[in-house]
Amino acid sequence: SGLISAVEQDQFELIRALWSYNLTAAENRALVRAELIAALPAVREAFAARDREALLAQCAEMFKRQNERYGVDQAQFHFPPAISFLRLHAPEQHGDHQDSFRPMVVAVNRDRFSRKETAIAGTGPAIFGVTPMTDAAGQHIGSFELGMSFGPLLHALKAAYRLEMALFIEEQPLRQLMFAEGLDPDVLTEQNRKGKYIKFHSTNWALMKELVSEGDLSGPAEAQYVRSAQDVPYGVVLLTLYNNAGNPIGKVAMARDFSSSRAA
């Protein structure tokens, strides 16, 4: 019994480590891509000239390829402190002030240092890299952010490590964004609701909704337990997601088949 418990505890720690490593790697990729795009001379020139059409012409094809291949679903140029100039994912929307719900963009334009984070914006929760931008003379002109959706990350972890996963986001900020930026209202349905959380993405929702209850989500910031679903025992790890300001925005649930250890 003690040996089996030790083996399962090692599995729980491995799940935590896999998530931490891969989330950090995704944040780094988002930031590197943002910095590469922001450094392109033609992009800097068009942004400095406030030429929205020229900026879109420079970036539209790039954004399309990034979206299709790497799950980049948001990209946006801001004037200080956080005024939208061009959304590559929604070019018709611009001019709105986002400083009330995008503190990291405000911080980048204030401090002029690149940052990365998990945040809720645009089409929903994403992994962001935000970098300051300058004109040819070196004067600060604003910022560029690139956001990668969680879906590809969750499915990559499932394929590589046989983890079933679900991303839960607090409903209140999602509702605010639904009205502010046109988030798909189909996300906010009763079948996706677990207490104050909404399931935003899952690799196997039929399984995960049995393994994760409203009580589990309302519990501690981190939790681990073993629970059976569909006649299979699973080890489940729940971790809280935080934004750049340290505020919780949701939780990720990860489950792995514990049949072998339980059968022992």
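This is a predicted model: local features need pLDDT of at least 70, side-chain atom pairs count only at pLDDT 80 or more; totals for chains, interfaces and linings use all residues.
Visitor: How many salt bridges does the count come to here?

Guide: The idea is a side-chain nitrogen of Lys or Arg within 4 Å of a carboxyl oxygen of Asp or Glu. By that rule, this model has 14 salt bridges.

Visitor: Let's start with Arg16 and Glu13. Where do Arg16 and Glu13 lie?

Guide: Both sit in helix H1 (residues 2-38), three residues apart, which is about one turn of the helix.

Visitor: Is Arg16 buried or exposed?

Guide: The cut-off for buried is under 20% relative accessible area. Arg16 has 17% relative accessibility, so Arg16 counts as buried. Glu13 is at 40%, so Glu13 counts as partly exposed.

Visitor: Which residues are linked with Arg16 in a network of salt bridges?

Guide: Glu13 and Glu222 join Arg16 in that network.

Visitor: And Arg102, which residue does Arg102 form a salt bridge with?

Guide: That's Glu145, with the closest N and O atoms 2.9 Å apart. This pair links distant parts of the chain, 43 residues apart: Arg102 is in the loop between strand S2 (83-87) and helix H4 (103-111), while Glu145 is in strand S5 (residues 140-149). Arg102 and Glu145 are both buried.

Visitor: What about Asp111 and Arg110: how far apart are the closest N and O atoms?

Guide: They're 3.0 Å apart, and the pair forms a salt bridge. For accessibility, exposed means over 50%. Arg110 has a relative accessible area of 55%, so Arg110 is exposed. Asp111, with 29%, is partly exposed.

Note on methods: Residues are numbered from 1 along each chain as its sequence is written. Side-chain values use heavy atoms; hydrogens and water are left out. Helices (H or I, at least four residues) and strands (E, at least two) are DSSP runs, numbered from the N terminus. Buried means under 20% relative accessible area, exposed over 50%, partly exposed in between (1.4 Å probe, protein chains only).
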